[in-house]
Amino acid sequence: MNSAQQETLPADRILEDNQTRAWWGAVYTFFRRWPVFPAFVLVTLVFCAVFAYQIAPYDPDVQSLRDRNEPPAWFSDGSTKYLLGSDHVGRDILSRVIHGSRISLAVAGVSLVSGLVVGVVLGLLAGWYGGKTDEIITRLVDIWHALPFLLVALVVVSLFGGSLIVLMVVLAMVSWVGFVRTVRAEVFVVKNQDYVMVSKICGASTYHIFIRHLIPGVMHAILVVATLAVGGLILTEATLSFLGAGIPAPTPSWGLMVSEGRDYLTDAWWSSFWPGLAIFLTVMSLNFIGDWLRDYFDPKLRQLV
Amino acid sequence: MKAFLLRRLAFSLVSLVGATFIVFSLSRVASDPILLYASPEGYGKTPEQLDAIKKKLGLDKPFFVQYILWAGNALKGDLGRSLVGERPVKTVIGEKFGNTVQLAVTGWLLATLVGVPIGVISAIKRGTIWDYIGRFVALFGLAVPNFWFAIVGVLIFSVWFEVLPSGFKGEGFSIKHFVMPTIVVGTSSMAGYLRMTRSSVLEVMDSEFVKLARAKGVSNRFVVWKHVLRNALIQPITISTLLLAGLLNGTLVAEAVFAWPGLGRAMLEAVRANDFPVMMGGVLFFVIIYIVFSLIADLLYAVVDPRIRYS
């Protein structure tokens, strides 16, 4: 029956059909090829973080006890005053989620960069010098892996008190390990390349080789590890805040918001739902882009991952 | 093999000493350690009394000596006493650990029994709808914050539909109590496991011997079962012990949300109460678990895969 219908289709109709398909095909290929949705999420996030004060409808810390646990706008009893609803002390959730992106990005960004610098330097040293240096650095990484991180982070926060700086240091303590392994493995490959050998024979200084050859050679690996690490850092920051070991209230941190809303789950589920969704979308987008970057730089892996 | 074993054991020891030393030094850098050991009621103590406690705990000795004393006591099984209730830390850990093991094991079963098969199917049916489902599950599991996942679960299944209990109630405890905590504990490991299995299977499917088998005309089913899976599952199997170690200290969040009376919750309570000896005992306990399990993983690797010969 299907084929009979196709036979009776007029020629121009078939042509039109093909054209539409080609158009859809192009869109489909474009979406498959470039991580459009994750990129959109991240651009929105960065935009929110930068312009939080301009775009947030309310001050994230101002309470309005008359408007406690107001539902989101599309509910029958909701109002457009609070688009995503309000929390248990009447703070606008949308504004708090927008401001929360600042905390998430600041903490993840700073801890990532500091972890990156330490990790990359150690990885370069271990890979380039090998031998004893490598042994010591590898042992250190092993020791670090044995630490129950979440618990140690809680202990550190309880010893030093919860603050932005402590949180950043704690997270930097996690992020450096991932860089060491990857950079070390990459350096082992790069340092045996002919151009590095030649450079060495020509009398280039170690400094020159590091700056000119090794670092550019491992850059793509660093970028991939960094993108994948940010997601993990945001997740860890949120977990610590949820457990009460993050930045103290009332700073709008996503993890803390989920935790605060938890007690009002039956009356106002939205106050813990939205911040959690924000964490989820952010981390998922970052992971997706990390995977995409890895495939982009290493097509050999494309089929494997 | 013997040389490898000795070397490996030596490394384990280094990790153990290093990890505990790091945590121990943190406690000494933060503030005057006497404040960590003198119980909260001790605020009214006179300087003389504090000095006496200091002497008793050996806090007047140099830093390294203190560490060695602590490590020596830990070796003898003495982890000190909890500041809350004055009970030995060993007892506190001992009585809570069983509950954590239960949760970690069910989570581990979920991760293994769901993650590995989906990973295999996703790889074998690469590019089909099954593969997309598998990859989506992996992406979801690695990105979802487990505390939020737990809360949304409670909202849907306990508050709205009232089919599952939202916490550990002691009385009327049933298998239902395990459902949500298990899913929360197991999801992210399941996703990681799925990804690893998938890439491992894909890698083997791409290897020469599989291509040869296919070229010889061996049936697809035979190729998959005899050639691909046998080789591809080596890594996931050996990693499973490490996964269990990770889960044992990864139940913290689930225990907090579901009021599960396990070690993770005990640790959280200790952190809130500034009960330093319990925190330290917990850290030591988890470090040992990790080190033992990673040693087992390495040995298992050599046993399962005859190609690995440590030298």
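Helices (H or I, at least four residues) and strands (E, at least two) are taken here as DSSP runs, numbered from the N terminus. The model is a predicted one, in which local features need pLDDT of at least 70 and side-chain atom pairs count only at pLDDT 80 or more, while totals for chains, interfaces and linings use all residues. Residues are numbered from 1 along each chain as its sequence is written, and chains are lettered from A and ligands numbered from 1 in the order in which they are written.

Chain A holds 13 helices and zero strands.

Turning to overall dimensions, the C-alpha trace of chain A spans about 75 × 75 × 35 Å along its principal axes. The radius of gyration of chain A, taken over C-alpha atoms, is 25 Å, whereas a compact globule of 305 residues would have one near 19 Å; the globule rule is 2.2 Å times the number of residues to the power 0.38. Buried residues (20 or more other C-beta atoms within 10 Å of their own, with C-beta atoms placed from the backbone) make up 40% of the 305 residues in chain A.

Chain B, for its part, comes to 14 helices and zero strands. Of its 311 residues, 38% count as buried.

Technical notes
Buried ≥ 20, exposed ≤ 12 C-beta atoms within 10 Å, placed from the backbone.
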